[in-house]
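Please look through the sequence and the fold below before reading on. The paragraphs that follow take a few elements in turn and describe how they sit against their neighbours.

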Amino acid sequence: MARSRSGTRGRRGPRKPPRRDGGLASQVQTIDPSERGAIELPGTITVKELAELLTVNVADIIRELIKSGIFATINQLIDRDTASLVASELGYEVAETIAASTNGTGPDGEAEGPAPEATKESLFDEDDAAVLQPRAPIVTVMGHVDHGKTSLLDALRSTEVAAGERGGITQHIGASEIDHDGKRVVFLDTPGHEAFTAMRARGARVTDIAIIVVAADDGVMPQTLEAIAHAKAAKVPIIIALNKIDKPDADPVRVKTELTEAGVVIEEYGGEVPLVAVSAKSRQGLDELIEMVLLVSDLQELKANPDRPAIGTIVEAQMDKSRGAVATALVQTGTLKVGDIIVVGETFGRVRALENDRGKRVKQAGPASAVVILGLSEVPEAGDILRVAVDDKEARTMVEQRKATVAAKGGEGSGRATLEDLYRQIQAGQAKELRIILKADVSGSLGAITHALEQLDQDEVRINVLHEAAGDITDNDIMLATASDAIIVGFSTNITETARRAAEAEGVDVRMYDIIYKLTDDIDAALKGLLEPVVVEVVEGRAEVRQVIRVGKNTQIAGSYVTDGRIVRGGARIWRNGKVVATDRIESLRRFRDDVREVQANYECGIGLASFHDLEEGDIIECFTSQTVTRAPSN
């Protein structure tokens, strides 16, 4: 029904739509609104598209929007309610329902109910094999910094553009598509092994094949080993791209030997890992690399059902000032359409618009397609699962269920693997292997520890060292452990401050040793269910030293600000420039002139240490206490 403004509609009658002629607005009516019949409007529409649908000038649409307090541009999206109001003001009748274009509704506009697949806990389980169709492989490119990962992706893109084939890629989206002899390949641009594993840690399996880029002149480096470990932990097929093969100092034989030592045996040496020699600079071997990807993809027989509600994974997301929450999603099965109501993580919304990898608007995206989504109310996190809901009611229910599940898990603990509950899992038939990430001070210690661990394998469970390297325990190690339900064992090494916090937040079991037999005894005891109670340190909180006050000749009071947790009397470590410079005990703790038992975060306090009197401004005092942990008894 047409709505009036200021009582003018009743006096003037329906406004006649102008016609565009030669670029100038004309007042000649082409179709009388009263003769046109009811107009069907989609869930969202741009100002320009609405003008074309109503056969009016864009200026008339914008004028009506301004009257409603909406200042829109020609390409701006407006929702159906707003478009309906504008059309009514211009004298058009708008259909109450949308025939055939509303996802999840029947011919009478009634909800058909959710497809069973959309609410399955096992999100990506497909139904009858008869409905499955081949899909494009999704490939992640990883490797050591400066080994040419980005250059290789750029070379693949430019090759396709130069050949004039469909799939020329821009770099504003976290995924790229190329077409090779009529077959699509989707590359994830942004995830290095850190983001790759972060998404896996959130339950997302987004990659079918991992390309590990190794420079022929540099060889296997620490980040190469990490990338290999992350790909193996995800059980993703690996292809080695031996880059910079055209450089004078390239030494492919040495690189192949180093790969073998790292546990990656290439096909040439009797293994199962393909290796393709390439050059991003001269484009040598690029066709062979794509053909190898397609070959590995064919062996996996990748398929999906395009006719089911879409399920996918968020690759990246951000808040855009002009467009709101913008998320790049990888559709893994089903077809995502404009107008779909989607649930992503703990938020939901209606898809207002979709953009493909070339920045063009599309109405839908099928399996193995990367699209930018507009319409979410909040910015989701990378790795969040996207699902289509039938209506707002179901979407709210799904979000509430998700929040309840997260809250329940939070109350029950992280559920990560620990040595304490390993024996219980073995007895229950739940544990088949103990996954370990091993870090040591020097590479020479790694071989001895690995050999010692191999002697501990039991019939019920085997030890699987996912990754081993020399150096401190870092955020990357915590991330891999989180995604793989592994424990971290450190030998004569340190854990970085950020890694310590991440381990606490994620519930990752980190064990530090300085004697090999103590390390092996603990793990052997865990396998046999004979672990005795042990005293462990619990970090209570940290405070930053803001001012050092000298009291007497050899006494200091640290005027401090508690940054997190709480400060109590007990053990203390003093951190300076990322390293521990002393271990001591907090002897006195004051708030103003009062002695106190504890000081919570975001409050100031005075801290007196027992014996360390060389504090400096900027030092971090880490407070810890000792607790006894009871280990699982033997049956």
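Predicted model: local features only at pLDDT ≥ 70, side-chain atom pairs only at ≥ 80, totals over all residues.

Residues are numbered from 1 along each chain as its sequence is written, and side-chain values use heavy atoms, with hydrogens and water left out. Helices (H or I, at least four residues) and strands (E, at least two) are DSSP runs, numbered from the N terminus.

Helix α9 itself spans residues 252–261, and within it V255, K256 and L259 are buried, where buried means under 20% relative accessible area, exposed over 50% and partly exposed in between, with a 1.4 Å probe and protein chains only. These three cover an arc of only 100° around the axis, which puts them on the same side of α9; the arc is that of the directions from the helix axis to the C-beta atoms. An α-helix has 3.6 residues a turn, so residues three or four places apart point the same way. The buried residues of α9 pack against β9 (209–215), α8 (222–233), β10 (238–243) and β11 (275–277), with contact meaning heavy atoms within 4.5 Å. On the face turned away from that buried side, α9 carries the exposed residues V253 and E261.

Another helix contact involves α4 (residues 58–67) and α5 (residues 80–89), whose axes come within 10 Å and cross at roughly 110°. Axes here are lines fitted to C-alpha atoms, for helices over the stretch in contact, and angles run from 0 to 180 degrees between N-to-C directions. The two helices, α4 and α5, are therefore roughly perpendicular to each other, a label used for 65 to 115 degrees, whereas angles under 35 count as roughly parallel, over 145 as roughly antiparallel and the rest as oblique. In this contact I61, E64 and L65 of α4 meet T82, V86 and E89 of α5.

Turning to strands, β7 (residues 175–180) is mostly covered, with 6 of its 6 residues buried. Strand β7 pairs with β8 (residues 183–188) in the antiparallel sense over 6 bridges, two strands being counted as paired if DSSP finds at least two bridges between them. In that pairing A175 stands opposite L188, and the hairpin formed by β7 and β8 has 2 residues between the strands, with D181 in the turn showing a positive phi of about 55°.

Strand β14 (residues 324–333) has 9 of its 10 residues buried, so it is largely enclosed by the rest of the structure. It pairs in the antiparallel sense with β13 (residues 311–320) over 9 bridges, and a hairpin through 3 residues joins β13 to β14. Strand β14 also pairs with β20 (residues 369–376), again in the antiparallel sense, over 7 bridges.

Finally, an open sheet of 4 strands has the order β23-β22-β24-β25, with parallel pairing. Strands β23 (462–470) and β25 (510–513) stand at the edges, each with a single partner strand, so one side of each is left without a neighbour in the sheet.
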